[in-house]
Amino acid sequence: MKIANTSSVNWSRLLMYLVLMVVTVSVIVFFLPRNSGPQFRYDIGKPWMYSSLIAKFDFPIYKTEATIKEEQDSIAEAFEPYYNYDTKVEQQQIRRFAEKYKGGIPGLPQGFTATITDRLHRLYQAGIMNAPEYSKIMRDTTSMIRIVNGKKAFSTEITCVYSTMTAYERLFTDPKLAAVRQALQRCNLNEYIQPNLIYDEERSETEMDDILSGIPLASGMVLSGQKIIDRGEIVDDYTYRVLNSFEKETQRRSASVSAVPSTIAGQVLFVATLILLFTTYLRLFRRDYFDKPRSIAMLYTMMTLFPVLVSLMMTHNVLSVYILPFAIAPIFIRVFLDSRTAFIAHATMVLICAAAVKYQYEFIIVQLVAGLIAIYSLRELSQRAEIFKTALLVTMGCSAIYFALQLMQDNSITTMDHSMYKYFVANGVLLLFAYPLMLVIEKTFGFISNVTLIELSNTNKKLLRNLSEVAPGTFQHSVMVGNLGAEIANKIGAKAQLVRTGAMYHDIGKMKNPAYFTENQMGGANPLDTMSRIDAAQVVIGHVTDGLKMAEKYGLPGVIKDFIKTHHGSGKTKYFYISYKNEHPDEPVDDTLFTYPGPDPFTREQAILMMADTVEAAARSLKEYTEESISGLVNKLIDGQMEEGYFKNCPITFHDIAVAKQVLTERLKSIYHTRTSYPELKKDKAN
């Protein structure tokens, strides 16, 4: 039956990881750009870094955008916009003038009405435009317009027509009318000057579009089999256009219905292979991570997030991918897991991102170097200065390796492209966000960092301050246990800060009944002596459950709660258990009444705390502090814990336990050392 259950669990776990891999691959491939075909990097004046390039199909040599824009501007400058000639405007305005001044113009001879009518006719025959339109055309340097009068259309120079303003001014430049200017100004002749040339927007834009569409986009052809460029040749303006045209035509052909499924299939195979290799690494070498959902969740999230961001930036042409702080992923993995997994995950992530990046060669090298520097320089993220140092080193490393790549490709420093270095600086600035983002990672995936542990171990924290005030003996005991445990952890390569912080909180449950614990009794009477052995045992055992309730109330992380649960394991309150059996020799004993709820330690740090806690508490009861008594106590207690199987479920070795014994013995000897007795001065008998 057990075998069947185990098999069922294994299959369900396998299915879960298979689904996780499929989802990861699907999300990444969904966002990857669909650009297929060769992707090269080339610049004018630089040598061609790749092998000889031969055209596999005929393709046109497209003009550059600048050339096409220049031709379009030239056509637009010579284009003649269309204006419709409206004959009704002249008729209406001259009739209005004639009706108003049919009796003559006051102060002028009778013949001036006919003269003004003639001059208005001449202006309307030449053509009058709206003043703003006229000014706009003059600014656009358009020299000719096309006037449509009925079915006829003819070109005329813009200087041969008038605006409403220039037409009014033209009246008073006439020699005959200039002499009577003051009298004519009272007539408000501008009221009879209205535009009769109306811009035909639809026809003008249609004609312009037809002309622009006729501009050829190509200026030459490359035939299949023709050599485009060979390795080491300098890319000139013409070759640059040919290479650019080759890429455009390749993308156009790849966009066909048959090419898209092929591209997607290749991307799926590429991403799935890398994800499978990474999963295999976890399965073979980091089984402890493989079996923890939170570790798997963080790793695959990092593996998915950055390729998606790169794909979006490349698809929408937003900034440069070098701005993205890729090194933040190995930093988090290094801090919460280990350095080897951090590098494997980073390398896998960078290779997947390369599928979306155009310049893969330099991208892979620069990002791998950035990841290695981040892993080497940041072992534990516990201070702001450390992340600043890492960001600075990553920026310098990326700049140095990119400069080296440029030197290999172009030996002239003056002609190098220096624009990339600003992206490396921006990358370093964004890398500083690793410090605040670490809290997001902790809350999302349930990890705990040294930064949080240091903050939790601050004795000014409300819970620890209360402990020092309510149960000062317990507080001092916790500090001592933390110091002993941290030294052991440093010696065996465990997490010292985790042990220290766990020790500070492991006995917080004693705050509920501090007087019942010997370290807080200050030599006074012990209330437990007046209670039954069972009740006394329950009070002592209760400090574990009370501690968990307090930890829940104050929102302590789960890893700290684990120290509270396991620091006594599933052992017994031996003093009360043995006393009860001695008092009731003939009665059966319910062991559960004297047993801590557990569980036993399941990490090295928890085992260290159990050893340090037991030894430090027992050392207070020694009658004399000699090397033999201290060593004997340490060996007796820890050997007893091993015999009772407290360490069966945690990965602590015999060597680790031997080191722990040695550290505890030496430290207790230095703490409880006996002073040398100073001799007294003998008095002179004669005196």
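Mentor: Begin with exposure: a residue is buried under 20% relative accessible area, exposed over 50%, and partly exposed in between (1.4 Å probe, protein chains only). This is a predicted model, in which local features need pLDDT of at least 70 and side-chain atom pairs need 80 or more, while totals for chains, interfaces and linings use all residues. Numbering runs from 1 along each chain as its sequence is written, and side-chain values use heavy atoms, without hydrogens or water.

Now the salt bridges. One needs a side-chain nitrogen of Lys or Arg within 4 Å of a carboxyl oxygen of Asp or Glu. That rule gives a count of 20 salt bridges.

Take Glu-233 and Lys-227. Their side chains form a salt bridge, with N to O at 3.6 Å. Glu-233 counts as partly exposed because its relative accessibility is 31%. Lys-227 is also partly exposed, because its relative accessible area is 43%.

Next, Lys-510 and Glu-519. Their closest N and O atoms are 2.9 Å apart in a salt bridge. Both residues are buried. For Glu-519 the value is 18% relative accessibility, so it falls in the buried class.

Where does Glu-519 sit? Its place is the loop between helix H23 (496-505) and helix H24 (533-553). Helices (H or I, at least four residues) and strands (E, at least two) are DSSP runs, numbered from the N terminus.

Which residues does Glu-519 contact, leaving aside neighbours within four places in sequence? They are Gly-473, Thr-474 and Lys-510. Contact means heavy atoms within 4.5 Å. Two of these residues also make polar contacts with Glu-519. The side chain of Thr-474 meets the Glu-519 side chain at 2.9 Å. The side chain of Lys-510 joins the Glu-519 side chain in a polar contact of 2.9 Å. (A polar contact is a pair of N or O atoms within 3.5 Å; within protein, one must be able to donate a hydrogen and the other to accept it, and sequence-adjacent residues count only if both atoms are side-chain atoms.)

Glu-627 is partly exposed, because its relative accessibility is 49%. Lys-669 falls in the partly exposed class too, because its relative accessible area is 23%.

Salt bridges can also be read as a group here. Asp-118, Arg-119, Arg-122 and Asp-174 are linked in a network of salt bridges.

Now look at surroundings elsewhere in the chain. Gly-225 lies in the loop between strand S9 (218-222) and strand S10 (227-229). The C-alpha atoms of Gly-225 and Ala-55 are separated by 5.2 Å, yet these residues are 170 residues apart along the chain. Gly-225 is in contact with Ile-54 and Ala-55, once neighbours within four places in sequence are left aside.

Gly-446 gives another loop to inspect. Its loop runs between helix H19 (434-445) and helix H20 (450-456). Gly-446 is partly exposed, because its relative accessible area is 42%. Not counting residues up to four places away, Gly-446 touches Arg-294 and Ile-441.

Move to helix H17, which holds Thr-395. Is Thr-395 buried or exposed? At 15% relative accessibility, Thr-395 counts as buried. The Thr-395 side chain reaches the backbone oxygen of Ala-391 at 2.9 Å. Beyond four places in sequence, Thr-395 touches Phe-424, Val-425 and Gly-428. Of these, Val-425 belongs to helix H18. Val-425 is partly exposed, because its relative accessible area is 48%.

Last, check the confidence. pLDDT is the predictor's confidence in each residue, from 0 to 100. The protein chain averages 85, and 92% of its residues score at least 70. Residues 674-678 stay under 50. For that stretch the model has one contact beyond four places in sequence. Where pLDDT is low, predicted coordinates should not be read in detail.
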